[in-house]
Amino acid sequence: MSGQKNFTLGRRDLLTTTDQKLSKAMAEANASSRALAVTANTAPAVEPAERLAIRRDLLEPPQADPTGFERIIGKSDLTSINYLERGKRASMAVCRIRVPSPGGEWYGTGFLVGPRLLMTNAHVLGSEIEAGQAEAEFGYEHDVDGVLGTPIQFNLMPHEIFFSDPQADVTFVSVAPVSEKGVPLERFGWLSLLPLSGKAVEGEWVTIIQHPGGGPKQISIRSNQVVNLKIPGRNLDAFIHYRTDTEPGSSGSPVLNDQWQVVALHHKAVAAPRDTAKPEAPIKWIGNEGVRISAIFRLLERRRLENDHALRVLDRLERALGFTPMVPEISTTSSEVLEADGKPYKPTRWAKQNTVYGYDPDFLSERLSLEQIIAPVKAQAAPLLSGTGVELVYNKFSVIMHADRKFALITAVNINGSELRHPGDRPGSFRRDARIADEYQPDGEFYEKAKGNDKVQFSRGHLVRRFDPAWGGSLEEARNGDEDSFHYTNAAPQFQAYNNVDWGDLEDYVLNQTQLTERKVTVLQGPIYRPDDPPYGKERKGGPWKIPLSFWKIAVVQKTATNVSAAAFIVGQTQYVDALYEAKVFKALAPYRFEELRTRKIQTTIATIERETGLNFERIRPFDAHDSLESTRRTRWISSVNDILI
């Protein structure tokens, strides 16, 4: 938050920027565009085409909101009559925050964003002590007859959750489940937060629901217009600015678009630049600044592995979206946690005569070259010590390591369902691979709790599951494949609330339920790496590590002797996938709140995986069963294997 705290007119809920560069930029934006409007012709120049496309896809279907996009691009002011009713419903989650103090009390605005989770500004509630004394008051507003309602007061419970960041000016705090008079909090609902960036574009009008000056609830409806400000040397990506010539917003208020989605957390007003010749002139408000919801999610993600309360906030935000809580998956047995690493195999293990190791690009009727797939990102691959390339070959599968992230860039396995054999008991411990430098792979110290003071502990999870390469002409060959899967190069930290059974069910389904002649499948998979993946293990050997939160998988099936089909999937924290908006459905104010969302798995297009990873799947793309659907929304949720298209 740039500038010092400057509470205006004695109001704790009215913070005015002292940043004159920001005031000047806002004034210039107002002067140059008094009636800014995005049009179909100018939109690409105002906003990136991709961002505008996301904004359009976050609208409801035309049959529910016929003029939604026209309002955004300035072609219409018409809206469905249910707009007001839905706004009233959204307003129920907004409350007045009352904080006692030695000099009396101060007020701010806050709003529920998940089950028993309140969000406001850090300058409204800056400490657990303040939050422990404060109350959230709902229903302090005039009814249709003009009668002012009595506030329904709820205690805050910072001992459960209290996360505050003064730089982002955001605070999350837990709220008691019932009021002091027995009213359940769930009566007021919540405003779900969408992590996807693109919920508002320049020129769009936004609405603020607030308790200005601690007074009754009021609404500034479509009276603030979004502007993109540019200040040399200043990064404003975390903030959104909206110009106004009326009252400034109240701290902690939700800033909402026409679909009543929360765009930002309002946090300060922008006044006109000071006129040194008229130091006593009254303040003239020209705009407001809010903290983008997408920026708040990025903050929480960065802190989730080092701050228990950040993790708890994310769990409740995910519950609000219909997701199963994202809790660290802890090993169930101490023997697995404390097991010693196995001794690395000698490289000669994979150099036996008359035996071909590694992924076979000609396994199916269509040649799928691993070299071609990784070509766009090959510079990120870790080299082998032998200097012979980047591919680690194992029995029936290959792994290419990411040099910077120290986990797999991609794994590729061939599965022959007609020759699968049960390899027997678990072969033993994970081990490092002696063919690649230690700096490019983890070991047991990454997973052992005693080796660091991290808040969470990971268990070792297979990428290529142990039974996939367990096939061949003999039991020994199947066991070799099983043993090879227990390399740290094939391991990923299991933080997601899913396990190998999820992927295993998928592969079993692909093998058993499709019309196969040879029961052959090639499976490609790996993590989705993002710049803002959370850090972990600063004090651990090889740390700090950045932990991927989502994983992808593409299964390519030999359906007939000459035809293949493919299906692409994403599992894990799928709400952070850029293309997820293709899968969303809206029901009133509850985006994503359907039972099928609870599995954290989506079937998507191969093109989506390409965008997320940078890999090249052009040889597989024509066989994508999902991409042939006659729909603009080709990403969809799967709650069971019966939902899979292939």
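User: Is helix H7 mostly covered or mostly open, and how many of its residues are buried?

Analyst: This is a predicted model. Helix H7 spans residues 293-303 and is mostly covered. Its buried residues include Ile 293, Phe 297 and Leu 300. Of the eleven residues in H7, the number buried is eight.

User: How many aromatic pairs are there, and what is the geometry of the one formed by Tyr 345 and Trp 350?

Analyst: The count comes to 17 aromatic pairs. In the pair of Tyr 345 and Trp 350, the ring centres are 6.2 Å apart and the planes are 75 degrees apart. Planes over 60 degrees apart count as edge-to-face, so with its 75 degrees this pair is edge-to-face.

User: Are Tyr 345 and Trp 350 buried or exposed, and which residue lies over the face of Tyr 345?

Analyst: Tyr 345 and Trp 350 are both buried. The face of Tyr 345 has a charged residue over it, at 4.1 Å from the ring centre, and that residue is Arg 349.

User: How far apart in sequence are the parts that the pair of Phe 363 and Trp 471 ties together?

Analyst: Phe 363 and Trp 471 form a tilted aromatic pair, 5.9 Å centre to centre with 45 degrees between the planes. Phe 363 counts as buried at 9% relative accessibility, and Trp 471 is buried at 8%. Phe 363 lies in the loop between helix H9 and helix H10, and Trp 471 in the loop between strand E17 and helix H12, so the distance in sequence between the parts tied together is 108 residues.

User: Which residue lies over the face of Tyr 394, and which residues form one aromatic cluster?

Analyst: Over the face of Tyr 394, at 4.9 Å from the ring centre, lies Arg 435. The aromatic cluster is made up of Phe 407, Phe 430, Phe 446, Tyr 447, Phe 486, Tyr 488, Tyr 536 and Trp 545.

User: Where does Arg 519 lie, and what is the C-alpha separation between Arg 519 and Thr 560?

Analyst: Arg 519 lies in the loop between helix H13 and strand E19. With a relative accessible area of 29%, Arg 519 is partly exposed. Arg 519 and Thr 560 are 41 residues apart along the chain, and their C-alpha atoms are separated by 9.3 Å.

User: How many salt bridges does a search of the whole structure find, and which strands does the one between Arg 96 and Glu 137 link?

Analyst: The search finds 27 salt bridges. In the one between Arg 96 and Glu 137, the closest N and O atoms are 2.6 Å apart. Both residues, Arg 96 and Glu 137, are buried. The pair links distant parts of the chain, 41 residues apart, in strands E1 and E4.

User: Which residues are linked with Arg 96 and Glu 137 in a network of salt bridges?

Analyst: Side chains of opposite charge can pair when their charged atoms come close. Besides Arg 96 and Glu 137, the network holds Arg 98, Glu 105 and Glu 135.

User: Are Lys 378 and Glu 371 buried or partly exposed, and what is the N to O distance in the salt bridge of Asp 468 and Arg 465?

Analyst: Lys 378 and Glu 371 form a salt bridge with closest N and O atoms 2.7 Å apart. Lys 378 is partly exposed at 35% relative accessible area, and Glu 371 counts as partly exposed at 46%. Asp 468 and Arg 465 are buried. The side chains of Asp 468 and Arg 465 meet in a salt bridge with an N to O distance of 2.6 Å.

Conventions
Residues are numbered from 1 along each chain as its sequence is written. This is a predicted model: local features need pLDDT of at least 70, side-chain atom pairs count only at pLDDT 80 or more; totals for chains, interfaces and linings use all residues. Side-chain values use heavy atoms; hydrogens and water are left out. Buried means under 20% relative accessible area, exposed over 50%, partly exposed in between (1.4 Å probe, protein chains only). Helices (H or I, at least four residues) and strands (E, at least two) are DSSP runs, numbered from the N terminus. Rings of Phe, Tyr and Trp (its six-membered ring) pair if their centres lie within 6.5 Å; planes under 30 degrees apart count as stacked, over 60 as edge-to-face and the rest as tilted. A charge sits over a ring if NZ of Lys or CZ of Arg is within 6 Å of the ring centre and within 35 degrees of the ring normal. A salt bridge is a side-chain nitrogen of Lys or Arg within 4 Å of a carboxyl oxygen of Asp or Glu.
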